[in-house]
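I opened a notebook page for this structure. My entries follow in the order in which I looked things up.

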Amino acid sequence: MKWLRDNLFPGWVSGVFSALLIVILVKSLFAFVDWAFLEAIWRADANACRAAKGACWGLITEKHRFILFGTYPYEQHWRPAAASVLLIALWTFSAFRAFWKWWLTLVWFFGLALIGMLMWGGVFGMPYVENERWGGLILTLLLSTFGVAFAFPLSILLALGRRSDMPIIRALCVGYIELIRGVPLISVLFMASVMLPLFLPSGVTIDKMVRAQLAIVMFAAAYLAEVVRGGLQSIPRGQYDAAHALALPYWRRTWLIILPQALRVSVPPLVNTLIALLKDTSLVLIIGLFDLLSTVKISLTEPAWNGFGIEAYVFASLVYFVFCFAMSRYSRSFEHR
Amino acid sequence: MIEMKEVNKYFGAFHVLKDVSLAVGRGEKVVVCGPSGSGKSTLIRLVNRLETHQSGRVVVDGVELTEDPRTVDRVRREVGMVFQSFNLFPHLTVLENLTLAPIWVQRVPKKEAEDTAMHFLRRVRIPEQVDKYPSQLSGGQQQRVAIARALCMKPKLMLFDEPTSALDPEMIKEVLDVMVELAREGMTMVVVTHEMGFARTVADRVVFMDGGRIVEAAPPADFFSAPKTDRAKLFLSQVLGH
């Protein structure tokens, strides 16, 4: 009661606003529960949906497999499902500090190999599935995973290069970062998918997924580089002085003294950028890859389910939210160390 | 050990060191003092090339410091340095701070580096803090760790850049005691400090700087009892007067 009085009703002006807000909140909560649960239709029946006032979860009931797995052959859906679970397990496993040993790279290596085997198949009686048909959640997760794996080291090199004493390296890094940051991801994706093949010798083709991945890596690296540079700039000059005085050469100094400190202070903005990266992967739709959000859009093009966009997007948002929220919680636990 | 000849140093248009010449022999202890902005920190930072000079010569242990990074590296391996703000590595434990350079620069086996580290931690009288992080230590303890860290490289020459200026009064003594002990063992030392008691006890020579020049250089007995210049007299009356 005291808390209520102190925080919500300290004076009559604040009191009126608090009361108003509470009324609005309660009303919208009721409306939402009404829409999402009480009046909702759970059967996959489009006609029943149109008659009802509530949400039409029937769309999800019917389409969830397409949304999650895209155009992957229907009877083989257990494979991307297993691959997704495996990839999430790998990330979860890597979140524990106790496992940060050299063999973690081996775990990842074999984990990714296993995922590749599951997805492509062609062995152990699993029919071959070309990666043109991969889609949905696993595509989003794979693009993000490889995006981070390549963009992060690249971004560190870019950030170091931007602070280098060597003018040519510095100019190259500044040029790269500014160029990429100056254009939207969509145009980088377009360039990677339309223009890149023009530069390649005829006969050589790069897979569409690899091209999209390349664009995402290039894009994320530029953003991450600026975050890392911010961290580098926060290191006091005395740390450099001490490292110099101990005769530590450049790479050892950077690796042992500067980066561990710079990356630690960069954790919040790094995670911020990584969350953006995960969500940005949805833009691969425009070059014809079907990630989680694209499969939602496609499900809605079917005439029967036309007009139930909210339900489908709520579902997709929920999936994205779970991943992003997990990331942000993890980064918080990291900061409080 | 150190041979500086007509060294000039500029920060942009600002002339920090003007025709500074100074020679420090093996085993000699030199205290550098002077008002702030007189260039004394810059002077000792030149010795392991944390600063570069624009003209003149700086020779340390027979190696002239030049643009060539190899000369810089050779000198830095022989010279230990202690800073005003300690500059310990905050993400490493005391032991890791002490073994880092021996392991990664001198390629000493880990076990041996740790033994050396423990030896010097006992010398600076804080062996029990070995597994702590710098932020868990008091200023005086941190500075003693910093001294031990420099000693772990087995330097021939130690530079101290105002080692007690950032410390609370009750911690100054514990750091000075360690430095006096080091001096007694014959280490070559160049110390920038305002601790005139320390200068009197251990210095072979006191160098007084003002406005980027060495104004006076004399044994402490002479310098403190009969300073030759007015600026030195004024400075002494200010640091000793209270």
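Which strands of chain B does helix 1 lie across, and at about what angle does it run to strand 1? I noted first that the model is predicted. I found that helix 1 of chain B, residues 40–47, lies across strand 1, strand 2 and strand 4 (55–60). Its direction is at about 120° to strand 1 of chain B.

Next I looked up the sheet. I found an open sheet of 4 strands in chain B, in the order 2-1-4-5, with antiparallel pairing. Strand 2 (14–24) and strand 5 (63–64) of chain B are at the edges, and each pairs on one side only. I then checked how strand 1 (residues 2–11) of chain B meets strand 2: the two run antiparallel and 7 bridges join them.

My last entry is on one arginine. B:Arg76 sits in helix 2 of chain B, residues 69–78. Is B:Arg76 buried or exposed? I have it down as buried, yet without a salt bridge. The nearest side chain of opposite charge belongs to B:Asp73 and is 6.6 Å away, whereas a salt bridge needs the atoms within 4 Å.

I then asked what polar partners the side chain of B:Arg76 has. One of its polar atoms lies 2.9 Å from the backbone oxygen of B:Arg49. In chain A, the side chain of A:His244 makes a polar contact with the side chain of B:Arg76 at 3.3 Å. Leaving out residues up to four places away in sequence, I listed what B:Arg76 touches: A:His244, A:Ala245 and A:Ala247, along with B:Asn48, B:Arg49 and B:Leu50.

Definitions and conventions
Residues are numbered from 1 along each chain as its sequence is written. Chains are lettered from A and ligands numbered from 1 in the order in which they are written. This is a predicted model: local features need pLDDT of at least 70, side-chain atom pairs count only at pLDDT 80 or more; totals for chains, interfaces and linings use all residues. Side-chain values use heavy atoms; hydrogens and water are left out. Buried means under 20% relative accessible area, exposed over 50%, partly exposed in between (1.4 Å probe, protein chains only). Lys and Arg count as positive and Asp and Glu as negative; His and the chain ends are not counted. A polar contact is a pair of N or O atoms within 3.5 Å; within protein, one must be able to donate a hydrogen and the other to accept it, and residues adjacent in sequence count only if both atoms are side-chain atoms. Contact means heavy atoms within 4.5 Å. Two strands pair if DSSP finds at least two bridges between them. Axes are lines fitted to C-alpha atoms, for helices over the stretch in contact, and angles run from 0 to 180 degrees between N-to-C directions.
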